[in-house]
Amino acid sequence: MQIPTTDGLADAFAAYPDHGEQHPGVLMNPDAFGIRPVIRDLAAELAGHGYYVLVPNFFYREGPMPIIDLPGHIGEADRSALVARLMPLIKELTPERVLSDADAYLGFLTAQPEVGAGPVAVTGYCIGGLLATRTAAAHPGQVAALAAFHAPVAADGPESLLRLTADVHFGHAATDITPEALGELNQSLEAAGVTYTSEIYPGTVHGFTMSDTDAFDPAGLRLHWDRLLPLLSRALAKG
């Protein structure tokens with residue numbers, strides 16, 4: 001699929017059930033390694049629970065996916081070099097660009113004939129979780145659920161969380177945040193009046209949801225689904 005934005009066309013793909021006419025919409029932002037088979041599998045799994053899932057290539061300004069060549073399995077020996085190649089592109093995702101893109105992505109998502117009326121959800125992994133958080137904060141009347149996993153959700157500071165009205169789940173890798181920092185983040189969410197869960201997934205490292213990396217943790221992925229699916233069901237008023 002091609003999503004028109006102010007800076008060009010963003011390539012994307014969608015997954016949705018093959019039964020029924022309309023479904024609640026979910027905007028899913030991948031991790032920094034982008035759209036690849038494991039991301040397609042996550043989107044398909046979520047779609048199987050009754051959602052229309054749109055996954056954009058947020059690096060579209062650089063070109064269509066794949067932006068860089070990835071091995072079939074991303075080992076620790078590969079990760080540093082790959083991240084170094086992607087970091088300049090991540091730095092180009094300014095808040096202004098992210099919010100402009102979010103407007104385009106949400107507009108495209110809600111215009112699809114398979115997407116029902118009503119609020120949507122945004123999810124994300126790694127840097128995609130930060131983009132999802134910015135999207136939810138910028139669209140308080142439209143985004144009813146926000147979920148982010150092993151993501152730097154507090155990168156914009158605690159004041160950024162004040163604009164959240166969505167129901168929230170943050171699933172943190174044990175290597176990404178200390179218990180003290182988690183307490184400070186959760187205090188910020190409470191001060192903002194956000195309905196949330198925010199927790200460290202035991203024994204996990206950054207990237208634990210991604211089965212094509214050394215970081216993958218099957219128990220962490222299962223907990224991710226155990227948190228994500230009830231959140232979407234509640235927030236998007238599904239039975």
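Contact means heavy atoms within 4.5 Å. I wrote that down before opening anything else.

**Ground rules.** I'm looking at a predicted model, where local features need pLDDT of at least 70, side-chain atom pairs count only at pLDDT 80 or more, and totals for chains, interfaces and linings use all residues. Residues are numbered from 1 along each chain as its sequence is written, and side-chain values use heavy atoms, with hydrogens and water left out.

**Entry: histidine 172.** I looked up who touches this residue. Leaving out residues up to four places away in sequence, histidine 172 touches Val153, Ile177, Leu182, Leu185, Ser198, Glu199, Ile200, Tyr201, Thr204 and Phe208. It sits in strand β7, residues 167–173. (Helices, H or I with at least four residues, and strands, E with at least two, are DSSP runs numbered from the N terminus.) Is histidine 172 buried or exposed? Histidine 172 counts as buried because its relative accessibility is 4%. The cut-offs: buried is under 20% relative accessible area, exposed is over 50%, and partly exposed is in between, using a 1.4 Å probe and protein chains only. I also found a polar contact of 2.9 Å between the side chains of histidine 172 and serine 198. (That term takes a pair of N or O atoms within 3.5 Å; within protein, one must be able to donate a hydrogen and the other to accept it, and residues adjacent in sequence count only if both atoms are side-chain atoms.)

**Entry: the whole chain.** I counted six helices and eight strands. From the N terminus they run β-β-β-α-β-α-α-β-α-β-β-α-β-α. The C-alpha trace spans about 45 × 40 × 35 Å along its principal axes. Of the 239 residues, 54% are buried. Among contacts with a separation of 6 or more, 70% are between residues 24 or more positions apart.

Entry: A nonpolar core is a set of buried Ala, Val, Leu, Ile, Met, Phe, Trp, Tyr and Cys residues joined through side-chain atoms within 4.5 Å. The largest one has 49 residues, and Ile3, Leu54, Leu109, Val122, Leu146, Leu164 and Phe170 have the most contacts inside it. A second, separate core has 33 residues, including Phe13, Ala15, Ala121 and Leu232. In helix α1 (residues 37–47), the buried residues are Val38, Ile39, Leu42, Ala43, Leu46 and Ala47. I see them packing against β2 (8–15), β3 (25–29), β4 (52–56), β5 (120–125) and α6 (218–235).

**Entry: aromatic pairs.** The structure holds four of these. Rings of Phe, Tyr and Trp (its six-membered ring) pair if their centres lie within 6.5 Å; planes under 30 degrees apart are stacked, over 60 edge-to-face, and the rest tilted. Tyrosine 16 and tyrosine 52 are stacked, 4.9 Å centre to centre with 10 degrees between the planes. Tyrosine 16 is in the loop between β2 and β3 and tyrosine 52 is in strand β4, 36 residues apart, so this pair links distant parts of the chain. Tyrosine 16 is partly exposed at 39% relative accessible area, whereas tyrosine 52 is buried at 0%. Phenylalanine 58 and phenylalanine 59 are edge-to-face because their planes meet at 75 degrees, with ring centres 4.8 Å apart.

**Entry: leucine 89.** Leucine 89 is in helix α2 (residues 76–91). Its contacts, again without residues up to four places away in sequence, are Phe59, Glu62 and Ile67. Leucine 89 and phenylalanine 59 are 30 residues apart in sequence and 7.0 Å apart in space, C-alpha to C-alpha.
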